[in-house]
Number of protein chains: 2
Amino acid sequence: MEPGPDVTVLAGGVGGARFLQGLAAVLPPERITVVGNVGDDFEILGLHVSPDLDTVLYTLAGVVNEESGWGRRPETAHALEVVGELGGETWFFLGDRDLGLHLVRTERLRRGETLSAITDDVRRRLGLRVRLLPASDDPVRTVVTTDRGEMDFQTYFVRYRHEPEVRAVRFEGADGARPAPGVLGALAEADLVVVAPSNPFLSIDPILAVPGVTEALSRRGGPIAAVTPVVAGRAVKGPADRLLRTFAGEASPAAVARHYASFLTHMLVDRADAASVDELEAVGVRAAAANTIMRDRSARAAVARATLDLALSEER
Amino acid sequence: MEPGPDVTVLAGGVGGARFLQGLAAVLPPERITVVGNVGDDFEILGLHVSPDLDTVLYTLAGVVNEESGWGRRPETAHALEVVGELGGETWFFLGDRDLGLHLVRTERLRRGETLSAITDDVRRRLGLRVRLLPASDDPVRTVVTTDRGEMDFQTYFVRYRHEPEVRAVRFEGADGARPAPGVLGALAEADLVVVAPSNPFLSIDPILAVPGVTEALSRRGGPIAAVTPVVAGRAVKGPADRLLRTFAGEASPAAVARHYASFLTHMLVDRADAASVDELEAVGVRAAAANTIMRDRSARAAVARATLDLALSEER
């Protein structure tokens, strides 16, 4: 294997995937392990869909729809058009090529294979050298309580376009879930663990809720760095800013750091929030500021490089 | 409802569907009830597929691929391409638009709806006034014993392109199956029952094997007409000629008539087999000869008209 630090990344969907694309450009990909969120997995049209794992897969494989950040491009939706004509549910977009993956995954799950075994096979067939582990092979389902009632994650996020006000988040099944094979080892043994710029409450917490994961992070000797999901009080994508204000009082890097306080050692903030570097350093989190907006491949690689420089400089 | 005779048709796939398209052109479609074969239904990629029902639906809806006789046109296969890339089964062609129907049907079956209720909803949504009843809501599965061993119907027919020699045919589950709601009534009350030009052993027998169906036909007072599936010793499509030689000694209209002897009253043969008219009349089956090759819509209508003229002339 090529030399380089071993890095394990906790990642949700679009932000996590883009950070990973950058990381895979600056490190030997086989040195990278992703622990992916499965809290937003769900069943629709009888298919098991793992939106965050797929966003990571498609982004790393270079087939993602860059405009939306998820799904594939090129893509068609002929199956879904017919589903709609026949009265089936169409609020969750499923492209035809994307369906191919859901069909294969669902059938293999029904045959008794684990999500982690299937995911590993799929990423290999897509030609990916980055290792992708679902946080758990057991069902962990993010459920949100909102001003419109309690609902599963995709109903909140996609069907209602994350418009409802979130009052509480819970992870159904998490208490009895076990980390997927390799997860605890990847967290313990990596030279660096990175918490990707994903929604702390909706993308990272479902990973941390799997028994053993937070403990493994807290017990680590080595660095654990977060990349900020908020810039100047705004989420780059999605409702992270609103949830931070609701649950942490403010949508700031410091609030994210407090959320990860039990294990966080380093944090990369955006240049727009350079003032928070001192605030973070004052509470014992080593921090640096950089441009964290990951528009294209070179910007993504720069964010990854800045994260490695921040968190591994002492060891290098 | 528009005036006209009520006609119930036992139908398999392509030949049955083409005959039905002709019949719907010469009769008010709401006067037509189809009892469709479900013996070739099967599960692939976790989806319940009903190939014969779908061929009837697509043909009557005018979206069938006329060249192959089954599937849709226009159609794409992007999902199946990805299934193949990911190591899934691709020997059974599933187009993207076609998948839309399989997804809706499979999900509704899993929710506990009956195949007949789903089929009726689908045909209405496709704008069809012809009523389509699966022979049974219970699983009836055609299994063939061949020189390459025993296999399910689609493995024999599609995967091995009906190349193996068929030695026996059985219908798994038929003994305990009940006719779908409406089937026995449609057979008893129709002014005419037509056995479409479908494979007697592989498409019609699985319908006849459902307890009560053959009895309902035998008890009928009114006419039951078959349209020949063989012309000059050859099947128009598929292996009907080979199976007739194996199981009935010859691939002739007379052999088909003998197969249906317990209920058949009329038979339309091809002009190429005009000599068999006398042979059939001699055993008490009223027969006539016409062009039975159903290349286009007008030829299909002509076959339907010839069938009605033959079987209903006395009553008209």
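Buried here means under 20% relative accessible area, so B:Asp54, at 4%, falls on the buried side of that cut-off. Keep that number in mind, since burial comes up a lot below. What you're looking at is a predicted model, and the predictor gives the complex an ipTM of 0.96 and a pTM of 0.96. For chain A, the mean pLDDT is 97, with 99% of residues at 70 or more.

**Salt bridges in chain B**

- Across all chains, the count of salt bridges comes to 46.
- B:Asp54 pairs up with B:Arg105 in one of them, with the closest N and O atoms 2.5 Å apart.
- That pair links distant parts of the chain: B:Asp54 sits in helix 2 (residues 51-60) of chain B and B:Arg105 in helix 4 (residues 96-110) of chain B, 51 residues apart.
- Both ends are tucked away by the cut-off above, because B:Asp54 has a relative accessible area of 4% and B:Arg105 comes in at 2%.
- B:Asp121 and B:Arg108 also meet in a salt bridge, at 2.6 Å from N to O.
- Here the link runs from B:Asp121 in helix 5 (residues 115-125) of chain B to B:Arg108 in helix 4 of chain B, 13 residues apart.
- B:Asp121 and B:Arg108 are both buried.

**Salt bridges in chain A**

- Over in chain A, salt bridges that share partners tie A:Glu107, A:Arg108, A:Arg111, A:Glu113, A:Asp121 and A:Arg125 into one network.
- A:Glu75 forms a salt bridge with A:Arg97, and the closest N and O atoms are 3.5 Å apart.
- A:Glu75 lies in the loop between helix 2 (51-61) and helix 3 (78-85) of chain A, while A:Arg97 is in helix 4 (residues 96-110) of chain A, so the pair ties together parts that are 22 residues apart in sequence.
- A:Arg97 counts as buried, because its relative accessibility is 14%.

**Helix 1 and helix 13 of chain B**

- Helix 1 of chain B has 13 residues and spans 19 Å from first C-alpha to last, close to the 18 Å expected at 1.5 Å a residue.
- Helix 13 (residues 297-312) of chain B runs to 16 residues and reaches 22 Å, close to the 22 Å expected.
- The two helices pack at an angle of about 75°, with their axes 7 Å apart.
- That makes helix 1 and helix 13 of chain B roughly perpendicular to each other, because angles of 65 to 115 degrees get that label.
- On the helix 1 side of chain B, the contact is made by B:Arg18, B:Phe19, B:Gln21, B:Gly22, B:Leu23, B:Ala25 and B:Val26.
- On the helix 13 side of chain B, the residues making the contact include B:Arg297, B:Arg300, B:Ala301 and B:Val303.
- Buried residues of helix 1 of chain B include B:Val14, B:Gly16, B:Ala17, B:Arg18 and B:Phe19.
- Their cover includes strand 1, strand 2 (32-36), helix 2, strand 9, strand 10 and helix 13 of chain B.
- In helix 13 of chain B, the buried set includes B:Ala299, B:Arg300, B:Ala301, B:Val303 and B:Ala304.
- What covers the buried residues of helix 13 of chain B includes strand 1 (7-11), helix 1 (14-26), strand 9 (192-195), strand 10 (224-227), strand 13 (266-270) and strand 14 (286-290) of chain B.

- B:Arg108 is in helix 4 of chain B and counts as buried at 13% relative accessibility.
- Setting aside residues up to four places away in sequence, B:Arg108 touches A:Leu86 from chain A, along with B:Glu113, B:Ile118 and B:Asp121.
- B:His78 is in helix 3 (residues 78-85) of chain B and is buried, with a relative accessible area of 13%.
- Again leaving aside neighbours within four places, B:His78 is in contact with A:Thr76, A:Asp96 and A:Arg97 of chain A, and with B:Asp96.
- B:His78 and B:Leu243 are 165 residues apart in sequence and 36 Å apart in space, C-alpha to C-alpha.
- B:Thr142 is found in strand 6 (residues 141-146) of chain B, and at 2% relative accessibility B:Thr142 is buried.
- Contacts of B:Thr142, not counting residues up to four places away, include B:Gly39, B:Asp40, B:Asp152, B:Phe153, B:Val169 and B:Pro206.

Notes. Residues numbered from 1 in each chain as written. Chains lettered and ligands numbered in written order. Predicted model: local features only at pLDDT ≥ 70, side-chain atom pairs only at ≥ 80, totals over all residues. Heavy atoms only, no water. Helix = DSSP H or I, 4+ residues; strand = E, 2+ residues; numbered from the N terminus. Expected span 1.5 Å × (residues − 1). Buried < 20%, exposed > 50% of the residue type's maximum accessible area, 1.4 Å probe, protein only. Contact = heavy atoms within 4.5 Å. pLDDT = per-residue confidence, 0-100. Salt bridge = Lys/Arg side-chain N within 4 Å of Asp/Glu carboxyl O. Axes fitted to C-alpha atoms, helices over the stretch in contact; angles between N-to-C directions. Parallel < 35°, antiparallel > 145°, perpendicular 65-115°, else oblique.
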